[in-house]
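Visitor: Hi! I have a structure open and would like to talk it through with you. Shall we start with the strands?

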Amino acid sequence: MTTPSSTSRTIQEKKVVDVAIENGHALVTIDNPPVNPLSVSVRQGLMDAVRRVNEAKCETAAIVCAGRTFVAGGDISEFAGPPPLPHLPDVLDAIEASPTPFIAVMHGTVLGGGLELALACAWRIADEKTRFGLPEVSLGLIPGAGGTQRLPRVIGLEHAARMAANGKPVNTKTFEEFGGLDLVFSGDPTQALAAFRAALPARPVNTSDRSVENADLTALKAEIAKSAKGADAPMIALETTALAATLPFAEGSKIERQTHLELRASAQSRALRRLFFASRSVTRPDRLKAFTPAAINHVVIVGGGLMGAGIAAASLAAGHRVTILERDTESAEAGRGRVEAIVAKDLESGRITESKAEARRASLSAGANYAAAFDADIAIEAVFEDPEVKRAVFAQLAAVMSETALIATNTSYLDPNLISEGMPGPGRFLGLHFFSPANIMKLVEVVGTSATADQTMATAFAFARGLGKIPVETGVCDGFIGNRILSAYRRQADYMVADGASPYEVDKAMRTLGMPMGPYELQDRTGLQISWANRKRQLAAGTWPGRYVDIADRLCEMGRQGRGSPMKKGWYDHTGGNGQQDPEIEAMIAAWRSEHSTGGQSFSTDEITMRIMAAIVNEANLILEEGIATTDTAIDIVWTEGYGFPKHLGGPMFWAEETGMERMREAFAAIEAQSPGSWKAAKIFQG
């Protein structure tokens with residue numbers, strides 16, 4: 001007897017792959033929303049479809065996908081355990097060997113297992129807007145169903161190795177130029193398929209039976225080794241793809257499959273898969289799912305500097321109408337110019353067409369009259385980190401905007417409660433902390449005040465997702481999640497410099513870990529004056545925690561405020577273009593140590609890394625304890641998306657678990673002894 005649950009499951013399995021046969025031709029439709037992943041039910045459905053079309057002796061069988069995309073990959077939720085039968089390589093081998101030749105009819109994205117599926121077909125036709133890729137390296141994996149062995153047999157070794165190693169998709173035009181497509185169409189795929197079948201070319205040699213011409217991959221290997229920054233999968237993908245030139249398909253694909261399965265169990269892949277799922281869960285908090293987000297059409301940005309221009313550009317790219325407001329007309333036009341420069345750069349790079357660039361320019365206006373915000377659905381202030389300036393902006397916006405419209409501050413540190421205090425319609429105020437450059441960086445910290453309505457939060461999250469961002473909710477504290485941890489990071493770095501480490505040694509240690517740059521390189525890039533202003537604010541308020549090292553303050557007083565300052569100097573000398581280590585800094589630090597009777601200590605690269613990570617992980621755990629962040633994965637998302645922490649290491653919290661909490665406790669004990677009274681220990685480091 002069949003139970004109700006098994007009946008519903010069986011019905012679902014029958015629906016995910018449908019086979020229709022008419023006039024000797026089969027149409028195999030995959031319908032597994034939202035992105036048609038190759039789950040076990042789809043794989044079984046495809047295996048059954050091969051059997052059916054062969055029994056019917058069909059002339060051709062076309063694979064199409066319902067919805068907005070072709071198969072966009074495998075079912076990642078299956079990767080944690082042994083892969084259930086049927087295995088994808090067996091399914092694809094059956095499709096390739098089928099007496100009835102298969103045609104892949106593609107649209108949307110054709111990624112990972114989707115591309116492997118297409119490569120097993122006799123022919124491939126695609127809509128002109130389709131994108132193709134093997135993104136498995138972004139999950140710490142390589143293809144596992146013949147992708148590294150079939151792709152070079154279709155488009156050549158060098159193109160295939162690059163696609164497998166960097167994981168970046170290519171567009172239809174590029175993939176066609178590589179030799180990957182038999183037809184590109186625009187419009188109705190049904191008509192394109194009918195036309196292709198009407199003039200069906202001779203069946204080509206099966207992909208797996210083709211030979212591969214060898215190629216010199218030396219330059220590509222150097223490029224991938226540099227860009228991987230410690231991630232293992234990219235170089236493994238390249239080397240596995242190269243096997244196609246020297247091994248028969250069966251041998252190369254066997255090595256590929258075994259390597260793929262081994263990588264599934266690796267720490268790097270587990271880290272990346274954890275971030276993959278976390279980046280989706282944090283963007284849709286459970287409590288907000290009951291609310292329907294309000295529509296956002298008109299976006300007002302107050303402040304046309306680099307941050308404001310970036311937010312404006314991201315809003316335009318999402319299809320919104322955007323108004324920049326500034327203190328005067330001249331400043332507003334300068335802001336418009338910055339946004340238009342971003343649009344021009346996107347056009348020049350080929351990311352957008354001339355028509356899209358023109359549409360964005362047409363949707364942008366700028367001025368100094370706040371009355372222009374009367375019909376805005378959301379306004380975001382991006383002015384100086386001065387609470388009174390921000391309050392004045394909020395007051396002017398609140399005076400002209402509807403009480404149902406959202407008003408947000410982009411503050412990095414200040415309390416949105418204080419900025420919005422006493423304003424009418426308190427439920428519509430919140431913080432939206434974008435990261436610079438805002439048109440590129442994906443992270444947005446969403447900060448509710450004590451009065452922010454859940455409806456407001458739901459709309460803000462939807463707005464951020466619509467910009468292609470990853471919104472993460474954070475409670476109110478100094479610096480929220482990201483910058484509060486960054487302050488601890490910088491404090492510990494400063495303590496080690498004060499006690500004997502060179503700032504250049506600290507930077508090198510963090511780059512060795514996999515960070516794109518160390519803390520002092522980062523300060524030079526963003527400007528030392530930003531953190532200086534924050535330190536002065538904390539000192540004035542009496543909230544600075546423990547030991548204070550004022551070396552950076554002295555640099556700021558000297559005018560050494562980073563590469564963008566008039567001196568073009570900070571911790572490094574940027575006068576020659578690239579930042580160079582500066583003997584003047586070393587001498588100044590030596591003098592400071594003499595003045596304060598410090599120094600004399602030396603720190604190995606590992607000690608620097610462990611002590612900094614102990615400070616980061618301690619602060620992160622305090623943030624969890626205080627409810628500022630709700631999960632450890634939210635913290636890891638903030639630091640991988642906003643601060644460059646290596647994704648293949650999973651974020652600070654995952655890294656600490658993998659490193660071992662006993663080592664972390666030893667490192668935290670060392671920083672407590674180094675700077676007594678400067679650290680509040682999280683519970684995990686107490687006792």
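Visitor: How do strand 13 and strand 14 pair?
Guide: Strand 13 (residues 378-381) and strand 14 (residues 406-409) run in the parallel sense, over four bridges. Strands here are DSSP runs of E with at least two residues, helices are runs of H or I with at least four, and both are numbered from the N terminus. Two strands count as paired if DSSP finds at least two bridges between them. This is a predicted model, where local features need pLDDT of at least 70 and side-chain atom pairs pLDDT 80 or more, while totals for chains, interfaces and linings use all residues. Residues are numbered from 1 along each chain as its sequence is written, and side-chain values use heavy atoms, with hydrogens and water left out.

Visitor: Which residue stands opposite Ile 378?
Guide: That is Leu 406 in strand 14.

Visitor: What is the order of the strands in the open sheet?
Guide: The order is 12-11-10-13-14-15-16-17, eight strands with mixed pairing. Strand 12 (364-367) and strand 17 (470-474) are at the edges with a single partner strand each, so one side of each has no neighbour in the sheet. On average, neighbouring strands are turned by 25° against each other, direction ignored. For such angles, axes are lines fitted to C-alpha atoms (for helices over the stretch in contact), and angles run from 0 to 180 degrees between N-to-C directions.

Visitor: Switching to strand 4: how many of its residues are buried?
Guide: Five of the five residues of strand 4 (residues 102-106) are buried, so the rest of the structure largely encloses this strand. Buried means under 20% relative accessible area, exposed over 50%, and partly exposed in between (1.4 Å probe, protein chains only). Phe 102, Ala 104 and Met 106 point one way, and Ile 103 and Val 105 the other.

Visitor: And which strands does strand 4 pair with?
Guide: Strand 3 (residues 60-65) pairs with strand 4 in the parallel sense over three bridges, with Ile 103 as the bridge partner of Ala 62. Strand 6 (residues 123-127) also runs parallel to strand 4, joined by four bridges, and there Met 106 stands opposite Ala 126.

Visitor: What do strand 3, helix 3 and strand 4 make?
Guide: With helix 3 (residues 88-97) between them in the listing, they make a right-handed β-α-β unit. Right-handed means that, with the strands pointing away from the viewer, the path from the first strand over the helix to the second runs clockwise.

Visitor: Okay, aromatics now. How many pairs are there?
Guide: The structure holds 12 aromatic pairs. In Tyr 489 and Trp 639 the ring centres are 5.8 Å apart and the planes at 65°, so this pair is edge-to-face. Tyr 489 is in helix 19 (residues 482-499) and Trp 639 in helix 26 (residues 632-642), 150 residues apart. Rings of Phe, Tyr and Trp (its six-membered ring) pair if their centres lie within 6.5 Å; planes under 30 degrees apart are stacked, over 60 edge-to-face and the rest tilted.

Visitor: Are those two buried or exposed?
Guide: Tyr 489 counts as buried at 2% relative accessibility, and Trp 639 counts as buried at 0%.

Visitor: Last one: where does the charged end of Arg 491 sit?
Guide: Over the ring of Trp 679, 3.9 Å from its centre. The criterion is NZ of Lys or CZ of Arg within 6 Å of the ring centre and within 35 degrees of the ring normal.
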